Amino acid sequence: MSRELLPVATAARTRAVLLDLIRPHRALALGGFAVMVVATSIGLLTQPLLGSIVDLVDAGESAAAITAPVLALVAVAVTQGGAMTAGLALVSRLGETVLARLRERFVDRAMRLPLEQVERAGSGDLTARVTGDVSLIAEAVRVALPEMARSGLAIVLTLGALAILDWRFLLAALISVPVQWHTARWYVRHAGPLYARQRVAGGAQQQQLLDTIGGAKTVRAFRLEADHTARVAERSNTAVDLTMRGVNLVLRFYSRLHVAEYAGLAAVLVAGFFMVRSGAASIGTATAAALYFHSLFAPVNTALVLIDDAQSAGAALARLVGVIDLPEPAALDRPSSARIEVSGLGHSYDEGRPVLHDVDLTIDRGERVALVGASGAGKTTLAKLIAGIHRPSAGTIAVPGEVGMVTQDVHVFAGPLADDLRLARPDATDADLREALTRVDALTWAETLPEGLATVVGEGGHRLTATQIQQLALARLILADPPVAVLDEATAEAGSAGARVLEKAIETTVEGRTALIVAHRLTQAAATDRVVVMDGGRIVESGPHDGLRSSGGRYASLWEAWSGVRPTSENPLE
Amino acid sequence: MRAVLWRAISGQRRDVVVGAVLGAAHQAGEVMVPVLIGVVIDQGVAGGDLPALARWLVVLAVVYVALSFSYRFGARAGERAAERAGHALRMELVERVLDARGGAEEGRLPGALTNTATEDAKRVGAVNMSVMLAVSALTGIVVAAVVLLNISVPLGLVVLAGTPLLLFLGHLLSKPLEKASEDQQDRAAHASGVAADLIKGLRVLKGIGAETAAVARYRVTSGDSLAATLRAARAEALQTGLVVALTGVFIAVVALVGGRLAASGEITLGELVSAVGLALFLIGPLEVFAWVNAQFAMGRASAARIAEVLAAPHSVAAGTEQPSLPVRGSLRLSAVSHDTLKGVDLEVAPGEVLGVAAVDPADAVSLLSCLGRTADPASGTVELDGVALADLDPAALRAVVLVADHDADLFEGTLRENVGGAHPEAMAAAGADEVADELPGGVDGHVSERGQSLSGGQRQRVALARALAADRAVLVVHDPTTAVDAVTEARIASRLRDVRRDRTTILVTTSPALLAVADRVVLLDGGRITDAAPHADLVTRNATYRTAVLA
Ligand SMILES: Nc1ncnc2c1ncn2[C@@H]1O[C@H](COP(=O)(O)OP(=O)(O)OP(=O)(O)O)[C@@H](O)[C@H]1O
Ligand SMILES: [Mg+2]
């Protein structure tokens, strides 16, 4: 099965979505920008003040005369510092708030993606985006954004200041621009694809780490440590190699910037030379011009290098927006009807490999149907299609309202037990939670947990037994309270002792609901209204337990294997 | 934490030194630029001397070439050091997590641990680059001071005294930032852990239509993270603003002293320009220092998190003894009490197939963790061939004893990779050969992460095949057939003895099909072994057993 990664947005779309997110914070954006302009402008008074000291000395003024410009320098420093604090705080606030909204929208969309799409991409793809990419952007917002604001303004305003000194200085300074422009374009051309590859490599590394760390127990038990360490090392090395390639690119970029710097500086000095000689400028002005240009180095380099951060943040951003921008999955178009009606249903996970063929099935309101069959026959697939978790490749399903499902894969959500339950019904009161737990016979153990319902469970928390985990899953279903319940082997993980507890819990859970129960424990099947047998993706038998048992078909042989080792009074052990 | 930081740096000694030396050369070059600007103004512009102007511009060009190349190669070394140190820490973390003695995952989400292995490792690695930048910035400051001292001793002294003072203040200012940044990083890690956890449970969420609730839950975490980030950002803005103000004041002082010296004719106009230019230039290295301080603050916070994982207490102590070879595979539990177990005595003969039926699944779990030594029993001992497990090296123990959990993870890769090679006998015994038949590509067919592209029963059979293929002297399997149908289960049970012949096998299960093939079954009830006999005998004579197993 080949990976089909989730999409990445185009640059234009990324920009559009970003602007959309910024729009509600327009006031904040403008305010932050204005304060930064003030801070930077004030800072630009430094060079003329220094120039004026040069002129005062050149004019042979006394030492006392320089006190005034020095005091002005102090005032400039203090005001600039204050304004800078305010400006940076505002700019970060904008960036961080927008980022928070962005990641929230991302998770919102991610949660609603069709499951098959997530599974085809590997959930690591999603996880990497919401962890690695988000933190990369966060870093850019935290560091690069304020820097960018500072440097960008410093450049524009310094060039303006140069022009105010004399337009010819500005002209001389601009000599470096073509080189910088060309360099920046050269860089962007090469860096773009490289960063995209870096993000993919980062995703692969993340996936491997999650796999290895999440499966650490298994890795240890099977002594796969060396293999997994090697896998992580390989992914990590690839990521390191790509980063170093990026570094080399950046450094070559820097070298070219040095050329631009030299050209501009020499031009400003030569211009100063001729202007002083012709009397068009004082030495102080020439000094101020040279100092201005020199002070441009830092912000210009910062800004151009920030292209770098902007590029990688852009790549990460495009991966977030790619998911955010996925079309809202069309609401499952399922005709409602008084009963479950499945007709002509077909499904394939991978193109060209159908696992369900032309399935027809009707389940009456309030009916309890057991779905049995060999492992791999397609029971889970059919159950998930009916529950609406997956979309069928062919055929239609009509349902009488909401369908809730307890999946074959279990998961306990990390955090307090009560929070886990409230995922099913966010407004549930503590009494509701207790009531649901009581109905699945779980309240007793839940209350004896170290901190009762507030005990942190799930990964990294208190470990629950398989039975307890299933009871939780059933309690969630009770809280969600759908008219139709689909249970996929809710007893499988628990062993038979747990299974009996769970069978009782299932009884109460499906009370008052239409139910489809996938069961390998055939005692459970025997207790339902009807048994549907699947094989090779088809329904091969259907009818009440007693009828099928004596029909000599597939169910009969399943039942024989099951009851053969479980003698009862009517079926003694031979 | 210090040790982690130190190792990250000393491990990359060569690159850090090369980076620092070349970085220093680069900074020295950068210092020369304002000096040369002063010279050009003094000798060229002020005097109207064209040849002098040309001469000094050539010198400036030479300085540029030198500073450009030293930067290029210096920064490359620094970045390489950063990346390699990050990689080394990542590997160290993975090795700690996978350490046979366990314990590192206790109380940590895999998502959070992954974050530590990626982001934190990177941040600590980046400290190398900071060291390099700090050294070169310091060089810049020193060279500038020397040049200034040459121009005028008092001026040089002002810079020499003022710079360390500024540095010290910068350091003081970064202290509160450290706490805020730590908090911010913790919460960011938590938020991404929550997101990863929700995505992992996506199937479950979709089953109960809880997507909206999950999103709401993430919003809250994300909001907490935002609040912490904003606190850190405000602290950082304040720090930057203060550094900017202090630096400006410092330059004013330099201008005051220099201006007075020039006015009294003690230094030339060009020297004043150089001095002022140098003072302006000094903002750069000083800001680098402020940045490096912040970087170190974050690096320290990250290093603390890494150190905490690395130093996480082991779940079990490391014994030193190796199992004596050849392993016979006998086990003896004497008076083992652990969690729910209350004084279990049990002997398992070499090559025996023993069934363990636990009335309470919790007893089974406790027993498994003692046998697999993911925990040491609170009291009593477990012995393998007469040697206490606690005295054995856990890694060596796992080479002999395999406890196959029923929720064991499969990994992304081919079926063959998951089983650990071509093991037709094990595959057939576990019924995984049929899985291969159904998979496009057969044994080389692809299995996606955690085996999610397989059906529940297929996953379980592949996991059992893997356990059988590992071919350990002692194999403990826990409920290996709960997700397979009765016919398949019967087939698996019928082949199990044969594939495990002459090796000790413990089946912890309540499946009668499996228990029926065991030589002997012990009944675990209320934390104690209450009966032991072949399955058929227990079925006839023990009512508790009958309900536990047959119902
Ligand atoms: N996500 C998936 N991607 C690709 N193939 C899948 C996926 N899930 C299941 N399959 C395949 O579809 C077929 C039917 O699987 P399904 O899970 O429906 O079986 P099942 O009857 O529930 O089996 P079991 O009793 O073992 O749970 C199997 O061959 C399985 O390998
Ligand atoms: Mg299934």
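1. Start with the crossing of α4(A) and α7(B) in this predicted model: the crossing is right-handed.

2. Helix α3 (residues 46-58) of chain A packs with α4(A) at an angle of about 170 degrees, and the axes are 10 Å apart. That makes α3(A) roughly antiparallel to α4(A). On the α3(A) side, the contact is made by A:Thr46, A:Leu49, A:Leu50, A:Ser52, A:Ile53 and A:Leu56. On the α4(A) side you'll find A:Pro69, A:Val70, A:Ala72, A:Leu73 and A:Val76. By class, the contact of α3(A) with α4(A) has 9 nonpolar residues, 2 polar and no charged.

3. Now try helix α14 (residues 430-439) of chain A. Which of its residues are buried? They are A:Leu433, A:Ala436 and A:Leu437. Look down the axis of α14(A) and these buried residues fall within an arc of 100 degrees, so they line one face of the helix. What do the buried residues of α14(A) pack against? Their partners are α13 (417-422), α15 (443-448) and α16 (466-480) of chain A. Just after α14(A), have a look at A:Asp441, which takes a positive phi of about 60 degrees.

4. Next, find A:Leu382 in helix α12 (residues 379-387) of chain A. Buried or exposed? A:Leu382 has 0% relative accessibility, so it counts as buried. Leaving out residues up to four places away in sequence, A:Leu382 touches A:Leu345, A:Leu356, A:Val359, A:Leu361, A:Leu371 and A:Met534. Also check A:Gly346: it sits 36 residues from A:Leu382 along the chain, and their C-alpha atoms are separated by 9.0 Å.

5. Last one: A:Arg368, in strand β3 (residues 368-373) of chain A. The cut-off for buried is under 20% relative accessible area, and A:Arg368 is buried, with 19%. Setting aside neighbours within four places in sequence, A:Arg368 is in contact with A:Glu507, A:Val510, A:Glu511, A:Ala515, A:Thr528, A:Asp529 and A:Arg530.

Note on methods: Residues are numbered from 1 along each chain as its sequence is written. Chains are lettered from A and ligands numbered from 1 in the order in which they are written. This is a predicted model: local features need pLDDT of at least 70, side-chain atom pairs count only at pLDDT 80 or more; totals for chains, interfaces and linings use all residues. Side-chain values use heavy atoms; hydrogens and water are left out. A crossing is left-handed if the near helix is turned anticlockwise from the far one by less than a right angle, and right-handed if clockwise. Helices (H or I, at least four residues) and strands (E, at least two) are DSSP runs, numbered from the N terminus. Buried means under 20% relative accessible area, exposed over 50%, partly exposed in between (1.4 Å probe, protein chains only). The arc is that of the directions from the helix axis to the C-beta atoms. Contact means heavy atoms within 4.5 Å. Axes are lines fitted to C-alpha atoms, for helices over the stretch in contact, and angles run from 0 to 180 degrees between N-to-C directions. Angles under 35 degrees count as roughly parallel, over 145 as roughly antiparallel, 65 to 115 as roughly perpendicular and the rest as oblique. Ala, Val, Leu, Ile, Met, Phe, Trp, Tyr, Cys and Pro count as nonpolar, Asp, Glu, Lys and Arg as charged, and the others, Gly among them, as polar.
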